[in-house]
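Grab a pencil and work through these exercises one at a time. Try each task yourself before you read the solution.

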Amino acid sequence: MKSAAIQHLQVLRFTSQRVLHTPVASLLNIIVIGIALSLPVGGYVLLKNVQSLAAQMAGTPQISVFLANGTRPDEIAQFGRQLKEHAAIEHIEFVPRDLALRQLQQSTGLADVVGGLTQNPLPDAFIIYPVALDAKKLELLRDDLKSWPKFEHVQLDSAWAHKLEALLRFAQLAVVILAAMLSFALVAITFNTIRLQILTQRDEIEVSKLIGATNGFIRRPFLYFGLVQGLLGGAAAWIIIAASLTLLNYSLGELMQLYGSSFSLRHLSLGDSITLLGFSAYLGWLGAWLSVSQHLWQIEPK
């Protein structure tokens, strides 16, 4: 077990030296991989930031519940306790009808009209702040509240949520398609790089097979080369995204100051960064494996 680990470390060191011995070609491949990866990953980062900004601009969705006239104070208190205990509700606010009338008078400027009313036409109401922001879950909560007694009217404006979800689904699909296409391109780049290496080392591979080297032993350095190249390409993509977000935040900060906001674009989280590096390393390994699997069997000692 220990000797196997030592062999893998030796192959990894040999592969790293091979990358350093061809700095120009390796650097160009790494830059190409980094740019290609940065496009879908950058789209993913921007999409997450847009979701955060949209949530801030849209605000927290509310459900307004208007009580039937004649609802007793003890019934209102009971409804309040039940709403607070509801799993889908984060918190509630009770708006008495007298307070609602005063707010209407102040906000509309219709003091004379409101003051001329012989009685208050507004009902008592609860303002409900749900836990979930998903449009379907909001509508399920609204339908549930409609079945409660003394809840005369339950109002939810979910049109904005549906539009936002549709837009985000479209953007997510576009990012996924772009990621799939560029992933295929990265596999093709690694495939071609390893193919050229196999052709240039054909004589060495034939000699290795003559002295008894297995295909697995011969294949190993090429797989490590693809993995290292993919990993470095992922690191290059991370740097490109970080630099781009820094530049964008510099200009965005000036724009947000004009609107009195402190919003800034957030970089990849630690988990997303690890996923990026792991996925890019896997793509490099996959391209190398496909190339070796196709070309290695064609080389037989004469």
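This is a predicted model: local features need pLDDT of at least 70, side-chain atom pairs count only at pLDDT 80 or more; totals for chains, interfaces and linings use all residues.

Residues are numbered from 1 along each chain as its sequence is written, and side-chain values use heavy atoms, with hydrogens and water left out.

**Exercise 1: the overall layout**

Task: Find how many helices and strands the chain has, and in what order the elements run.

Solution: 
- Start with the rule: helices (H or I, at least four residues) and strands (E, at least two) are DSSP runs, numbered from the N terminus.
- Count them up, and you get 10 helices and 4 strands.
- Now read along from the N terminus, and the order is α-α-β-α-β-α-α-β-α-β-α-α-α-α.
- To finish, look at burial, where buried means under 20% relative accessible area, exposed over 50%, and partly exposed in between (1.4 Å probe, protein chains only).
- Of the 302 residues of the chain, 36% count as buried.

**Exercise 2: strand E3 and its partners**

Task: Work out which strands pair with E3 and in which sense, then check how many of the residues of E3 are buried.

Solution: 
- The pairing rule asks for at least two bridges found by DSSP between two strands.
- Strand E1 (residues 63–67) runs antiparallel to E3, with 4 bridges joining them. Ile 63 has Ile 128 as its bridge partner in E3.
- Strand E2 (residues 89–95) also pairs with E3 in the antiparallel sense, over 6 bridges.
- On to burial: strand E3 (residues 125–130) has 6 of its 6 residues buried.
- Check both faces: Ala 125, Ile 127 and Tyr 129 point one way, Phe 126, Ile 128 and Pro 130 point the other way, and all are buried.

**Exercise 3: pairs of opposite charge**

Solution: 
- The idea is that side chains of opposite charge can pair when their charged atoms come close.
- The cut-off: a side-chain nitrogen of Lys or Arg must lie within 4 Å of a carboxyl oxygen of Asp or Glu.
- Take Lys 48, which forms a salt bridge with Asp 272, their closest N and O atoms being 3.3 Å apart.
- Compare their cover: Lys 48 is partly exposed at 38% relative accessibility, while Asp 272 is buried at 19%.
- Next, Lys 150 meets Glu 75 in a salt bridge of 3.0 Å, N to O.
- Widen the view, and Arg 72, Asp 74, Glu 75 and Lys 150 are linked in a network of salt bridges.

**Exercise 4: aromatic rings**

Task: Classify the ring pair Phe 79 and Phe 151, then the pair Tyr 282 and Trp 285.

Solution: 
- A pair of aromatic rings is described by the distance of the centres and the angle of the planes.
- Rings of Phe, Tyr and Trp (its six-membered ring) pair if their centres lie within 6.5 Å; planes under 30 degrees apart are stacked, over 60 edge-to-face, and the rest tilted.
- The whole structure has 5 aromatic pairs.
- Phe 79 and Phe 151 are 5.0 Å apart, centre to centre, with 65° between the planes, and this pair is edge-to-face. Phe 79 is in helix H3 (residues 73–85) and Phe 151 in strand E4 (residues 151–156), 72 residues apart. Both are buried.
- For Tyr 282 and Trp 285, the centres are 6.2 Å apart and the planes at 25°, so the pair is stacked. Both lie in helix H10, 3 residues apart, about one turn of the helix.

**Exercise 5: the span of H10**

Task: Compare the span of H10 with the expected value.

Solution: 
- The expected span is 1.5 Å times one less than the number of residues.
- H10 has 26 residues and reaches 38 Å from its first C-alpha to its last, close to the 38 Å expected.
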